[in-house]
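Please open the model in your viewer and keep the selection panel at hand.

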Amino acid sequence: MSIDPSLLSAFAPTGRLRVSINVGNPILANLDPVSGEPFGVSVDLARELARQLGVEHDLMVFKSAGESVAAVSANTADVGFFAVDPLRGEAIAFTEPYVLIEGCYLVRDASPLTRNEEVDEAAHSVVVGKGSAYDLYLTRALKQARIVRAPTSPSVVDTFLSEGADVAAGVRQQLEGDAQRVGGLRVLPGRFMEIRQAMGVQKSRDAAAARHLAEFVEAMKASGFVADALKRHGIEGAAVAPLA
């Protein structure tokens, strides 16, 4: 397929597609413990986008969502993978989501909390990953509870324990894995938010890039690419988002 040169310039002004990868969300990307190379659903999508555009790509790996967003917002990365959020949308043009995941709360076994609705009390402190989708959402949603920000999403439970906080917030799979690792912890039933994971480009780029990226995401969902990637990487608890 022939790609319009102006579209290539909008996507990859340096001649290479620079992709922001957040390994702070284990549903989307991780680092291979042996090679240190990133792998996961977002990495697969990044490579497929570069292949279709006919350009080489560079994976820019970040430990937190905040760093990943900042790279695309500052145009030091060309495209990225983010949870859709109005604040981020001020600088980034999002596609429709490709994956839906759950944001949940974790507490100690001895905690009196049994429902999500009980968390927002003045006596409670809630730990979130700084700049994560949960941080942005809960900053708006929690009216009484105090928010404590861990450096990254993977460090939320360790911060929760070291700070003696009441609640940890994050991706269900990350929290369940930490609960098993640490012991004496439980995830509250249900979810406090549904996270819509999408791709995005800086709004200053030519609008054709945002349109092409949106079409790419829909094609990847429709073809089964996203579903196959979730299965291939053993991801459970995340669902392919409906077609737009």
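A cavity is found on a 1 Å grid over the protein atoms alone, as a set of points where a 1.4 Å probe fits but cannot get out; residues with an atom within 4 Å of a point line it. Grid points are joined across faces, edges and corners, and the volume is the space filled by probe spheres set on the points. Rolling a probe the size of a water molecule over the atoms shows where empty space is left.

The model is predicted: local features need pLDDT of at least 70, side-chain atom pairs count only at pLDDT 80 or more, and totals for chains, interfaces and linings use all residues. Residues are numbered from 1 along each chain as its sequence is written, and side-chain values use heavy atoms, with hydrogens and water left out.

**First stop: the cavities**

A search of the whole structure gives two cavities of 30 Å³ or more. Select Asn 22, Asn 25, Ala 65, Ala 83 and Gln 197, which lie nearest its centre among the 17 lining residues. Next, colour strand E5 (79-83), H4 and E12, the elements that give two or more residues to this lining. Helices (H or I, at least four residues) and strands (E, at least two) are DSSP runs, numbered from the N terminus. E5 supplies the largest share of the lining, three residues. By class, the lining of the largest cavity holds nine nonpolar, seven polar and one charged residues. Here Ala, Val, Leu, Ile, Met, Phe, Trp, Tyr, Cys and Pro count as nonpolar, Asp, Glu, Lys and Arg as charged, and the others, Gly among them, as polar.

Move on to the second largest cavity, of about 40 Å³. Select residues of its lining, including Gly 24, Pro 26, Ser 153 and Val 156. Strand E10 (167-171) and helix H6 (172-182) each supply at least two lining residues, and E10 gives the most, with three. This lining has five nonpolar, four polar and no charged residues.

**Second stop: the aromatic rings**

Which residues form one aromatic cluster? Select Tyr 105, Tyr 134, Tyr 137 and Phe 192 to display it. The structure holds five aromatic pairs. Rings of Phe, Tyr and Trp (its six-membered ring) pair if their centres lie within 6.5 Å; planes under 30 degrees apart count as stacked, over 60 as edge-to-face and the rest as tilted.

Tyr 105 and Phe 192 are stacked, at 4.4 Å centre to centre and 20° between the planes. Tyr 105 lies in strand E7 (residues 99-108) and Phe 192 in the loop between strand E11 (185-187) and strand E12 (193-202), so this pair ties together parts 87 residues apart in sequence. Tyr 105 is buried, with a relative accessible area of 3%, and Phe 192 counts as buried at 12%. Buried means under 20% relative accessible area, exposed over 50%, and partly exposed in between (1.4 Å probe, protein chains only).

Now select Tyr 134 with Phe 192: their ring centres are 6.5 Å apart and their planes at 75°, so the pair is edge-to-face. Tyr 134 belongs to helix H4 (residues 133-141), and the two residues are 58 apart in the chain.

**Last stop: the cores**

A nonpolar core is a set of buried Ala, Val, Leu, Ile, Met, Phe, Trp, Tyr and Cys residues joined through side-chain atoms within 4.5 Å. Select Tyr 98, Tyr 105 and Val 126, which have the most contacts inside the largest core, of 57 residues. Helix H2 (residues 41-53) contributes the largest share of this core, seven residues. A second, separate core of 13 residues includes Cys 104, Val 127, Val 157 and Phe 160.

Methods. On a 1 Å grid over the protein atoms alone, a cavity is a set of points where a 1.4 Å probe fits but cannot get out, and a pocket is an open set with protein on both sides within 12 Å along at least five of seven lines; lining residues have an atom within 4 Å of a point.
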